[in-house]
Structure formats: C-alpha cells, structure tokens
Amino acid sequence: MITVAGATFLLTTAQTSYAFAVDPAGYLRHLHWGGRIDRVGDFEAPARWDLSTNDMLADITPQEYPVHGRFRYAEQCLALRFADGMRELRVEVTGHRVDDDELVVSLADAQRAIAIDLHYLVHEQWDLIERWAVVRNDGAEPVVLESVFSAQFRVPYEDLTFRNVQGMWAAEQHAFTQPVSYGKIVIEARRGISTHHHNPYVVLGRHATETTGEVWFGVLRHSGNFKGIVEQSQYGGTSFQLGVNDYDFELRLPPGGQFATPAVVAGYSGAGLGAMSHRLHAFGRSLMAPGIRDVLYNSWEATGFDVTADNQITLARRAKDMGVELFVVDDGWFGRRGQDSDGLGDWWVNRDKFPDGLAPMIEAVRDLGLRFGIWVEPEMVNPNADLYRDHPNWIHREPDREPDLARQQFVLDLSRPDVQDFVVGTLDQLLSEYDIDYVKWDANRPMSQVGADRDVWVRHVDALYDVVRRIKAKHPGVLIEACASGGGRVDLGALTVFDDFWPSDNTDARDRLDIQRGYSYVYPAKAMRAWVTDSPNFLTQRAVPLRFRFHVAMMGTLGIGADLTKLSDDELGQAAKLVAKYCEIRATVQDGDFHRLDDPSANDYRLLEYSAPDQAVVFAFLPASLLGRRGTQVRLRGLDPDATYRFYAEWRHQERSGRYLMAHGFPLWLQGDYASDVIVFDRVTA
Ligand code: DGJ
C-alpha cells in the first residue's frame, strides 16, 4: 500500500514499512525501513542544521537519491557532466504520482534541465519493494552520465554484518560475512557479466541468524557490471547503494534522452535470513515460466565436444531408463566445432557428426518419450568461423590492437542492431526447424576491449535481454537456461528473462553443498540446475557415492550429467529409484519454502529442508564423520503446528505433530563419510 500525506510517503507491505519525506531543507529524507507502521502521521522530518562547517546537511541527511554537489562528499547516486564541463547538481522535488502499487517521485534541477524520477514499486504479497531511477535530459545540449546508481538505502544502525558470496570459476557462491565498520565495503563486477566472483546484492544483518534478528537487503536486477557500496557513517547509521558500476562507464544522454537504471528488489526481515530467502525465492519464482521442471540429462561431461547422433541416442536410451524427461545435447553439434577454437558463430549443423542433420537424433529422442534441448553460445564467435571471416568488425576490439582471445573466442558486440538480428534470426531458425523445448545459453568469457563506448557494458546487457525476449516471443514454450562458464551470470536480471541457471561447472557433490548453500540465500531452488556426474569427479578427482551425489543434486532441479555408458546395471537401477524419489518430492523442492536448519551436533551435519502445505522434505548430509558415532537432532521449520506428519526415520514409520517436530525435532544419525538421507514428512489428512 502507498500512503502519501503532504510531503511524506509511506510504503507498506504485509510486515514492513518504508518511509521518506521532503524535509525543510528540500532533501528527500529517508525516515524508516523496517517493521510495519501504518500511521503516516507518526512520521515527521523536522528541520536539521549543519553540525559544523565540516559536517554539512548534504552529508548528514540520509537521502533517498543523493546527487553530486552541495557539499555532498559521502557516496552519491548520480554524477554527470554538462556540455560546458560543469557538474554541480541541485535538485528539488517537483511532484509525485501514484499508480496502483507504484509511486514515482520526481526531482529536477530546474536551472540545468535534468529530471530524475524515482520509482518505488510495492510488492505487498512478497514483503518487498522495488526501486529504480530514470534520469532525463530536458536540456538542449547532451549530458554525460558518469555515475548513476539505482537507489540508496539506509539502515539506522552501525556495526552491522555484511553478507555476500565470493568465488571464482568452478567455486562460485561461497557465502561470507564481514563486519561493517567505519569506511566502506565495495563489491563489484567489471567483466560485463555479474561474474563468478561476487553477486549483485547487499545483505546487512543485525544479530541475524536464520530465524532471528534483523536483515535489510537489496538485490539488483542486472546481469552486467555492478557495484554495491556499504558506508557506515560518522553521523550514525549505515547506507548502501547498488547499481550499474561506474567503473569504465559513461553514458551520453542526448537532448530529450533518458536512462532507466536497473531495479533493486529490497526488503526487511525481522525474523532473520530465512524469511529474507523465502521472500526472494517467491519473487524469483514469480518471474519464471510456471510449471514443474523436468529431470534433465546433459551430455557435456560424458561426450564433451565429440557429440554424434549415435552417442547421443545411446545416452538418451539409458537416460530414459533412469527416468529422465529432457535430453540436452551440449556443445559440439554445430559448425566445424571439434574443439574450443572452432565453430562458434556458425550455427549450422556439423555434417561430419550429424550426416543427416539433427532431425533423426531429435526424432529418436522424442520416440523415447523425452523432450529435447540444445546448447548455444550466441554472444560469441571463434576466429576460425565463417561468421568471423564475414564480419570481423562485429566483435569488441580496439582497431589497432590484437583482439583479446579467451577460450579461443571473441565477444560479439551485441549492442549493434545487425548482431542482435543475427542472433535472433539464428535462434529463430534453429527453433523453427527443429522440435526443441529447451535451450542452454552459454557465455564462456568476460568482455574486454570495449573501446571508446563506455556505455557498451550496459547496452550489451540490455541487448541480451531484448534478444532473449524476442526469441521467446517467437517460441513461447521454450525454456532457456542461463549459463556463463558455470555461474557467471546468476542474478535477478537474468532470472527475469531466463528460466533456469547453471550455478557452477563444479559438479562435485561435496563442493556443491557449499555452492548451493551460498546460492540459496537469494535464488530459488527452481532456478538451480544440479547434475549428478561421474565419480571420481573430473574436476576435483574426488570419489563420492552415487546416493550422496543424487541427494545433493535433488536439492535443485535434478539433472544427470554422468557418462551413462559407464554405469553398471546396478548403478542404473539405483539411479532410477533416486530419480523416482525426486519426482515424488520435486513439487516441494521446486516450489516450497527453503530452510537452512541448525545442526546442534559436534559432527558436521548439513541439514536443509523444503516445506510446502502438504509435505516437508529434509535433506541430511554428513560429508565426513568427524566424531565417530555422534548423531544430531533435526528441528523442522515451516510446518503447520496443528497438523500431523507421517515420516520414516530410525527404521520405522512415525507420526508427530508439526508443533513437536518444530519445537523438539527428531534424532538423526548418519554413519561414515559421504552419508546422506532424504526424509519426507507427509501431512496426514484427517
Ligand atoms: C561451459 C558450461 O558451463 C558447461 O556446462 C558446458 O556447457 C561448456 N561450457 C561447453 O563448452
């Protein structure tokens, strides 16, 4: 709900409120972000004065969208350059409008003809708000945006805890926390993708655990360069801002031109990190195509670039026997692709590998009753490809330099309309010619050498979204998975147009436990592809039992990536049972609430739960038994306290009330290394 009283604005969701007002000095002053307050009359923004000539109002006032100028030395959201080289901005609020769940507050620098619209969208049902800004040049000369963030947020406390993930290729999404103190914490991406290294969000906690304490969070809906800055102020409180990175960035606004920043989805939880994840997961799922996700097979780890009709059909037959529903042919089927140096950009079928085209293979897969998916990497080109020979100027490069090669490939300049049309045309043709249900959209290198056009970082991402939307408009039933050398493009922007993520090329089940946990803070299990692959794992050389590998992969949307020709009949039988078990619980896994449960044991149990109205599922892992025979006690969450649940544990069927299972729990004891279990709690209907 949006309430406006005079110059005070109050946004209310089911459990939270966000308030700000125009103060006597003309600043749009932030007033409240936290628990729900309904009475707008409770808020006021009394006059304040400079504390000293070194501590001025511009800095001490917590502002919704601080701009460069007027003694503002703390972080600001907007800095620009006018045609005459001047840079000072002096904005004041000029009006507002409310349209259903959206509030727009307008600011303007009348003298310099710059207008800023601050957008606030209230997602009442998810307890979230969404903020973005639109900067418009109403003047007669162009202006250059040097720095333009989506929003600034304020928390009225110091000494908070900052949370994000860190990582690298094949080691993405490792959650970390660090204390916030005086000065700044900065996280960013500079590679044109949201990267394997950090993720575009800020989470600030105050005494936060999974179920208690306060959490303030903002997640950027953008897949490119981003920057998050947390600043603890000498004047009390902590601010953070998120947006497009101003590193190597400039964006020219012609007269009449405007730039809309990506949005930040933000929220407050007074009940710890779990509630934050539930809200973000529900929001994330609402962006995705509806429906339960298939059990998928992907050929990459089995056949690499050496895909042929025969080996894929052999894999598909075995996959079908296991219960797989969707068969995806990965890299290698096109152009002169035999290794990573060739073929990207030539999206015609490789006739050496598929002499009769893809149709016979797709038909064979379909005859097995499987859906069919295919891998593409449309933003890239190899030097050894007809596309590059025909269009050497389509890549990012500096004209007098050797273009940068990474994984033997260049990045196409997707901001060019001809490149966009090429990508849309290619995918349209592929999807029209063949019966394809699913596309894995890869991007295996970062951008570089963007040259003089420093807005390309943003325009590439806008073009990517646009191209994917155009393809989807032509082929509405097709689901598209975002992959960027594993988890290089896991973000809420991508989730807005893609349907699935590949979180990491690391498919080692032990490593995945940490990767998937980090991932789970913000992104829903329904968007987390997880494969069961060979043991020992190709990357880590770690050997892990099949059951443990399955259980880890069953925590997301299950996929199989193992070389099925190497599995024994016994293993295939086991695998088929585990796939069947996944199908029984996948509605709860994919659409339920996710809980990172406590482990009171001195042993290293990892306890995770999904809860839905009629079912809860607990995943328990003991990667290494450190203290011999010590068990743990599992206390569930998210159950109906008054309902009865039936489950199998300690070698017998049991029934307990939801209240008992949440307050007391049940004992669990796993033995040995790489031990795991999945325990299903079915609500007993009266
Ligand atoms: C990187 C992806 O993450 C892998 O899953 C696979 O698709 C390869 N690219 C193919 O080149």
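Start with helix 4 and helix 12, where Arg318, Asp321 and Met322 on the helix 4 side meet Asp569, Leu572, Ala575, Ala576 and Val579 on the helix 12 side. Contact here means heavy atoms within 4.5 Å. By class, the residues of this contact are five nonpolar, no polar and three charged. For that count, Ala, Val, Leu, Ile, Met, Phe, Trp, Tyr, Cys and Pro are nonpolar, Asp, Glu, Lys and Arg are charged, and the others, Gly among them, are polar.

Before the geometry, the ground rules. This is a predicted model, in which local features need pLDDT of at least 70 and side-chain atom pairs count only at pLDDT 80 or more, while totals for chains, interfaces and linings use all residues. Residues are numbered from 1 along each chain as its sequence is written, and side-chain values use heavy atoms, with hydrogens and water left out. Helices (H or I, at least four residues) and strands (E, at least two) are DSSP runs, numbered from the N terminus.

Back to the helix pair. Two packed helices are described by the angle between their axes and the distance between the axes. Helix 4 covers residues 309-322 and helix 12 covers residues 569-591; their axes come within 8 Å and cross at roughly 55 degrees. That makes helix 4 oblique to helix 12. The axes are lines fitted to C-alpha atoms, for helices over the stretch in contact, with angles from 0 to 180 degrees between N-to-C directions. Under 35 degrees counts as roughly parallel, over 145 as roughly antiparallel, 65 to 115 as roughly perpendicular, and the rest as oblique.

Staying in helix 12, we find Arg586. Is Arg586 buried or exposed? Arg586 is buried, because its relative accessible area is 12%, and buried means under 20%, exposed over 50%, partly exposed in between, with a 1.4 Å probe and protein chains only. Leaving aside neighbours within four places in sequence, Arg586 is in contact with Ile292, Arg293, Asp294, Val295, Glu325 and Asp591.

Next, the ligand. Which residues are closest to the ligand? Of the 13 that surround it, the closest are Asp330, Asp331, Lys440, Asp442 and Asp505; a residue is near a molecule if one of its heavy atoms lies within 4 Å of it. A polar side-chain atom of Asp330 lies 2.7 Å from an oxygen atom of the ligand. For Asp442, a polar side-chain atom is 2.6 Å from a nitrogen atom of the ligand. In the side chain of Asp505, an N or O atom is 2.3 Å from a ligand oxygen atom.

Now a side-chain pair within the protein. His30 sits in strand 4, residues 28-35, and counts as buried because its relative accessibility is 6%. The side chains of His30 and Glu64 are joined by a polar contact of 2.9 Å. A polar contact is a pair of N or O atoms within 3.5 Å; within protein, one must be able to donate a hydrogen and the other to accept it, and residues adjacent in sequence count only if both atoms are side-chain atoms. Not counting residues up to four places away in sequence, His30 also touches others, including Tyr18, Phe20 and Arg154.

Val203 is in strand 14, residues 201-206, and is buried at 2% relative accessibility. Among the residues Val203 touches are Phe162, Trp216, Leu273 and Met276.

The peptide bond from Ser535 to Pro536 is cis, with omega near 0 degrees, and Pro536 lies in the loop between strand 29 (529-532) and helix 11 (546-553). Asp159, in the loop between strand 10 (143-155) and strand 11 (161-166), has phi near 55 degrees, a positive value in a residue other than glycine. Ser485 likewise has a positive phi, near 50 degrees, in the loop between strand 27 (479-482) and helix 9 (492-497). Asp159 is exposed at 56% relative accessibility, whereas Ser485 is buried at 13%.

Last, Ala385 lies in the loop between strand 24 (380-381) and helix 6 (386-390). Ala385 is buried, with a relative accessible area of 0%, and contacts Gly343, Leu344 and Asp346, leaving aside neighbours within four places in sequence.
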